[in-house]
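Here are a few notes to read with the model open beside you.

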Amino acid sequence: MCNILYISSSPRGSASYSNQVAEKVIRDLRAKDPDASLTVRDLAREPLPHIDDDFVAATRGAQGPSTDRQRTILARSDALVDELLAADIVVIAAPMINFSVSTTLKSWFDYVARAGRTFRYSEAGPQGLVTAKRVIIVSASGGVYSGENAAFDFQVPWLRNMLGFLGMTNVEVIRVEGTALGPQAAEQALARASDQASDIVAGLAAA
Ligand SMILES: Cc1cc2nc3c(=O)[nH]c(=O)nc-3n(C[C@H](O)[C@H](O)[C@H](O)COP(=O)(O)O)c2cc1C
């Protein structure tokens, strides 16, 4: 059975294009594998608190957690790591916010990037421990970044880099771009992204 982890992070609720396309990806995945399980991590509805000194003490301190608050933080981080490690397919709905990911999605990475659990330092340099996953990113942006404005895109390259650091290198990107260029452009972008989603899911080996 295939486990799908859906990470949603748009602050725009039901108007979100990244959510719409990510949810189509999930519908297609489940049509292909009706036994697939789905875990939804909605970072917009349930944002993670920013990391702080207790987070650092709990997850990186030599002594480990020493207060109830630190133990709670470590348990939250561990649960998110477990959820990620249990997934076969990770679908990330990522709106572009100020040229990057939303802070809610950045916080999720802060919680799951854990030395000894999701990456480790070896003599050859850092090694990602979150392997054998397929990742599908649905990036939605008001502007268009797949052409001459690529240098302003600190979202998709950052996501690829961060996922790769953790060991996730099998990454597909679906772009819903130009959503701020008028309703017609947005509809066209949505239709293109939906077609791309169908192609990607159809191309996946049967689970
Ligand atoms: C606070 C905020 C900041 C944004 N910053 C950018 C930006 O830097 N570049 C861009 O192209 N679009 C930007 N946008 C537009 C969004 O990327 C666009 O609305 C996209 O569709 C959001 O994804 P969603 O539809 O999944 O919510 C921003 C939107 C908001 C609400």
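1. First, some ground rules. This is a predicted model, in which local features need pLDDT of at least 70 and side-chain atom pairs count only at pLDDT 80 or more, while totals for chains, interfaces and linings use all residues. Residues are numbered from 1 along each chain as its sequence is written, and side-chain values use heavy atoms, with hydrogens and water left out.

2. Let's begin with α1 and α6. Helices here are DSSP runs (H or I, at least four residues), strands are runs of E (at least two), and both are numbered from the N terminus. Helix α1 (residues 17–32) packs on helix α6 (residues 183–203) with the axes 9 Å apart and an angle of about 25°, which makes α1 roughly parallel to α6. Axes are lines fitted to C-alpha atoms, for helices over the stretch in contact, and angles run from 0 to 180 degrees between N-to-C directions. Angles under 35 degrees count as roughly parallel, over 145 as roughly antiparallel, 65 to 115 as roughly perpendicular and the rest as oblique.

3. Which residues of α1 and α6 make the contact? From α1 they are Y17, Q20, V21, K24, V25, D28, L29 and K32, and from α6 they are A186, L190, A193, S194, A197, S198, V201 and A202 (contact means heavy atoms within 4.5 Å). These divide into 10 nonpolar, three polar and three charged residues. In this scheme Ala, Val, Leu, Ile, Met, Phe, Trp, Tyr, Cys and Pro count as nonpolar, Asp, Glu, Lys and Arg as charged, and the others, Gly among them, as polar.

4. Now turn to helix α2 (residues 53–60) and helix α3 (residues 68–85), whose axes come within 9 Å and cross at roughly 70°. That makes α2 roughly perpendicular to α3. On the α2 side, D54, F55, A57, A58 and T59 meet R69, Q70, I73, L74 and S77 of α3. The contact is made up of five nonpolar, three polar and two charged residues.

5. Is helix α4 (residues 103–112) mostly covered or mostly open? Mostly covered: seven of its 10 residues are buried, namely T104, L105, S107, W108, F109, Y111 and V112. Buried means under 20% relative accessible area, exposed over 50%, and partly exposed in between (1.4 Å probe, protein chains only). The cover over these residues includes β1 (3–8), β2 (37–42), α2, α3, β3 (89–95) and α5 (156–165).

6. S102 sits in the loop between β3 and α4. At 5% relative accessibility, S102 counts as buried. Its side chain reaches the backbone oxygen of S9 at 3.3 Å. Not counting residues up to four places away in sequence, S102 touches S9, P95 and I97.

7. Last, have a look at the loop between β6 (134–141) and α5, where A150 is found. A150 is partly exposed, at a relative accessible area of 39%. F152 lies in the loop between β6 and α5 too, and at 46% relative accessibility F152 counts as partly exposed. Leaving aside neighbours within four places in sequence, F152 is in contact with F99 and Y145. As for distances, the C-alpha atoms of F152 and G128 are separated by 27 Å, and those of A150 and D52 by 33 Å.

Note on methods. Polar contact = N/O pair within 3.5 Å; in protein donor to acceptor, adjacent residues only side chain to side chain.
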